[in-house]
Amino acid sequence: MREFRTTGTSLDIPQIDQKGETADRLRGILEDIEMPEGFEIDLFAVVPDARHMALGNSVPVVFVGTRKDKFWAVTDRDGDRVADEVKEFAPALDLAVPNGPCMTPDGFLVLAEHNRVLMFPAAEFFYESPDVAVAEVVPQGELIPVEEESFNHGARVCDIGPDGMLYISMGQPHNVPPAEKMDLYNEVGMGGIIRLNTDGSGREVYARGIRNSVGMDFNPANDELWFTDNQVDGMGDDIPPGEMNRITASGQNFGFPWYGGGTTRTNEYMDAEIPADVVNPEAEYTAHAADLGMAFYGADAFPAKYHGGIFSAQHGSWNRTTPVARGCSPPWARMAARASPRSLPRAGPENGEYLGRPVDVAIMKDGSLLVSDDFAGAIYRISYSGSEGGQPEDSGMEAEEAGMGNMDMETMEENMEDMGMEGSPDEMGMEHMETESEETETSN
Ligand SMILES: [Ca+2]
Ligand SMILES: [Ca+2]
């Protein structure tokens, strides 16, 4: 692992204005968001092109990636849960699609770029200087073959596993890859998830058969890795579904490109034999909603029914004649537990134009939820001040076995009732529930 030090020239890194017109306009948009009882949404920070987030372990800083060339440090210096300072992290560094930050438990900040992985020791203590220590976990040009570099599906995300290893998802650059590319992609881990030690050693392909995953998180209840996957474009408005997947062992194959999403076959691989061991998604989402960042809710500030569930951000469609309603709402997040997706806030589309495009979610130490938005250039904070917070009630064995944390059957039925649905969760297919929730939850 090569180490070097950036040589910043100015101690005075320019800051992004947090009090001007942009902030006022964003707060105006938030006023139209309909929130569930007891929840509030506020502007946390103005952050241009905000993508994936990593929270400091002991300092109130959020490191925020972009798909461009900037990497941001966002600080709430006075502790009022609104950022006071937003400035470039290590501005002297030349970065290419610095989309994916993640933190190790001992305070090393990892940044996955398009074709390089960097690590910053003690980042949250030294980030205010333009001169930061940095190490290359994966040198430039060695994450993927240089000739495979592409802006398409080129934004990486990472996470640190319970085993201390670094997990990185790597989209492959095609809508559907040609068959002659598949051997190379499977070997490198493109269209998959790789893992390696944080010193760069021990790299292996952890999961395959993935089109473009831009969100992952380990379930704190049992250490399993879950991930979202974005599915094939050009097959129509309503197919194939988006995916939430669960990995139970190293080496699993998640079905792409034989399946374009869920169990919808791709035209290109219609006649190809599907590998016998393909793992289907744990849950399916509306087509072209573009599910990106996700996080398990391990805190207890929200009502018990959210505990142990997943929040995920949907970026919204581009490959659909009418935008997906949920993608049009600026900040919202969704809870998904097996067969029971649940929305938090949403606003209805007024004219079909996006007001925001959510990218990632992160849970703050106080149990509130941050949502990044690369269209509006913002991070929002969702907090709960109702009376239902606190420790969860005893959960049923069934929910535990399903890896659903504290989501029991009663809660699930309650959730469905909230969404205007009838019948038991068992009787209803995931896709049906999705459709219902789309129709009943869209509001003005
Ligand atoms: Ca503040
Ligand atoms: Ca799949």
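A residue counts as buried here if 20 or more other C-beta atoms lie within 10 Å of its own. By that cut-off, five of the five residues of strand β23 (residues 310-314) are buried, so β23 is largely enclosed by the rest of the structure. The model is predicted. Its protein chain has 444 residues, and buried residues make up 48% of them. The secondary structure comes to seven helices and 28 strands. Among contacts with a separation of 6 or more, 61% are between residues 24 or more positions apart.

- Strand β22 (residues 291-296) runs antiparallel to β23, and four bridges join the two.
- Within this pairing, Met 294 has Ser 312 of β23 as its bridge partner.

**The four-stranded open sheet**

- One open sheet consists of four strands in the order β15-β16-β17-β21, paired antiparallel.
- Its edges are β15 (216-218) and β21 (283-285); each has a single partner strand, so one side of each is left without a neighbour in the sheet.
- Neighbouring strands of this sheet are turned against each other by 20° on average, direction ignored.
- Asp 217 has Trp 226 in β16 as its bridge partner.

**Nonpolar core**

- The largest nonpolar core contains 97 residues.
- The members that touch the most other members are Val 47, Val 74, Val 110, Ala 378 and Ile 379.
- Leaving aside residues up to four places away in sequence, Val 74 touches Ala 45, Val 47, Val 61, Val 62, Val 64, Ala 83, Val 86 and Ile 379.
- Two of these contacts of Val 74, Val 47 and Ile 379, are also listed with it among the core members that touch the most others.

**Backbone exceptions**

- Most residues other than glycine have a negative phi, and most peptide bonds are trans.
- Arg 81 has a positive phi, near 65°, and is not a glycine. Arg 81 lies in the loop between β5 (72-75) and β6 (85-88).
- Arg 81 has 15 other C-beta atoms within 10 Å, so it counts as partly exposed.
- Val 97 also has a positive phi, of about 50°, although it is not a glycine. Val 97 sits in the loop between β6 and β7 (100-103).
- Val 97 is buried because it has 21 C-beta neighbours inside 10 Å.
- The peptide bond that joins Phe 256 and Pro 257 is cis, with omega about 10°. Pro 257 is placed in the loop between β18 (252-253) and β19 (259-261).

- Val 59 is in the loop between β3 (53-55) and β4 (61-64).
- With 16 other C-beta atoms within 10 Å, Val 59 is partly exposed.
- Val 59 and Phe 125 are 66 residues apart in sequence, and their C-alpha atoms are 7.8 Å apart in space.

Key. Residues are numbered from 1 along each chain as its sequence is written. Chains are lettered from A and ligands numbered from 1 in the order in which they are written. This is a predicted model: local features need pLDDT of at least 70, side-chain atom pairs count only at pLDDT 80 or more; totals for chains, interfaces and linings use all residues. A residue is buried if 20 or more other C-beta atoms lie within 10 Å of its own, exposed if 12 or fewer, and partly exposed in between; C-beta atoms are placed from the backbone. Two residues are in contact if their C-beta atoms, placed from the backbone, lie within 7 Å. Two strands pair if DSSP finds at least two bridges between them. Axes are lines fitted to C-alpha atoms, for helices over the stretch in contact, and angles run from 0 to 180 degrees between N-to-C directions. A nonpolar core is a set of buried Ala, Val, Leu, Ile, Met, Phe, Trp, Tyr and Cys residues joined through C-beta atoms within 7 Å.
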